[in-house]
Amino acid sequence: MTASVEDVTSLYARDLMDRHGLTDWRFEWNDSDEAAGRCYPDLQLITVSRAILLDTAARNIRETLLHEIAHALTTTDHTARWWNRFRKIGGEGYWLMNNGMAKSSRPEGVISTQSRS
Ligand SMILES: [Zn+2]
């Protein structure tokens with residue numbers, strides 16, 4: 001049996017989420033081509049995109065998971081509080097992919113917003 005990138009990413013996501021206390025949260029894949037990841041606090045759910053994440057470097061997969069985990073932990077949008085938590089749990093901030101991330105709300109220090117359309 002060969003583990004696919006999808007399988008390994010699922011395991012990695014579960015491990016990261018558990019490590020940050022999100023043991024009651026679920027992880028799922030989606031087929032979005034707009035956002036690498038999404039966080040649904042009301043559903044306690046983090047989803048990531050097959051279309052985007054299975055076609056990128058491992059480092060970007062990690063960034064995306066930490067990005068969404070920081071949303072889950074802070075239940076805020078891209079506020080300074082979110083940014084501080086993201087950095088604290090190991091996020092680098094070089095690959096923020098979120099079409100809804102307006103320039104004006106980008107926390108200081110976020111160097112780039114990469115979107116795919
Ligand atoms: Zn975000």
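Biologist: Which residue follows H3, and is its phi positive or negative?
Modeller: Thr-75 follows H3, and its phi is positive, near 45°. Helices (H or I, at least four residues) and strands (E, at least two) are DSSP runs, numbered from the N terminus. This is a predicted model: local features need pLDDT of at least 70, side-chain atom pairs count only at pLDDT 80 or more, and totals for chains, interfaces and linings use all residues. Residues are numbered from 1 along each chain as its sequence is written.

Biologist: OK, and how many residues does H3 have?
Modeller: H3 covers residues 58–74, which makes 17 residues. From first C-alpha to last it reaches 24 Å, close to the expected 24 Å; the expected span is 1.5 Å times one less than the number of residues.

Biologist: Which residues in H3 are buried?
Modeller: Among them are Ile-61, Leu-65, Leu-66, Ile-69 and Ala-70, and also Glu-63, His-67, Glu-68 and His-71. Buried means 20 or more other C-beta atoms within 10 Å of the residue's own, exposed means 12 or fewer, and partly exposed is in between, with C-beta atoms placed from the backbone.

Biologist: What covers them?
Modeller: The cover includes helices H1 (5–19), H2 (50–53) and H4 (80–88), and strands S2 (37–40) and S3 (45–49).

Biologist: Which residues of H1 meet H3?
Modeller: Thr-9, Ala-13, Leu-16 and Met-17 of H1 meet Ile-61, Leu-65 and Ile-69 of H3; contact means C-beta atoms, placed from the backbone, within 7 Å. By class, that contact has six nonpolar, one polar and no charged residues. Ala, Val, Leu, Ile, Met, Phe, Trp, Tyr, Cys and Pro count as nonpolar, Asp, Glu, Lys and Arg as charged, and the others, Gly among them, as polar.

Biologist: At what angle do H1 and H3 pack?
Modeller: About 40°, with their axes 11 Å apart. Axes are lines fitted to C-alpha atoms, for helices over the stretch in contact, and angles run from 0 to 180 degrees between N-to-C directions.

Biologist: Changing topic: in what order do the strands sit?
Modeller: Three strands form an open sheet in the order S1-S3-S2, with mixed pairing; strands pair if DSSP finds at least two bridges between them. S1 (26–30) and S2 are the edge strands, each pairing on one side only.

Biologist: How do S2 and S3 pair, parallel or antiparallel?
Modeller: Antiparallel, over four bridges. Arg-38 has Thr-47 as its bridge partner in S3, and Tyr-40 has Leu-45. The two strands form a hairpin with four residues between them, and Gln-44 in the turn has a positive phi of about 50°.

Biologist: Which face of S2 is covered?
Modeller: The one with Gly-37 and Cys-39; Arg-38 and Tyr-40 are on the uncovered face. H3 lies across S2 and S3, at about 20° to S2.

Technical notes. Two residues are in contact if their C-beta atoms, placed from the backbone, lie within 7 Å.
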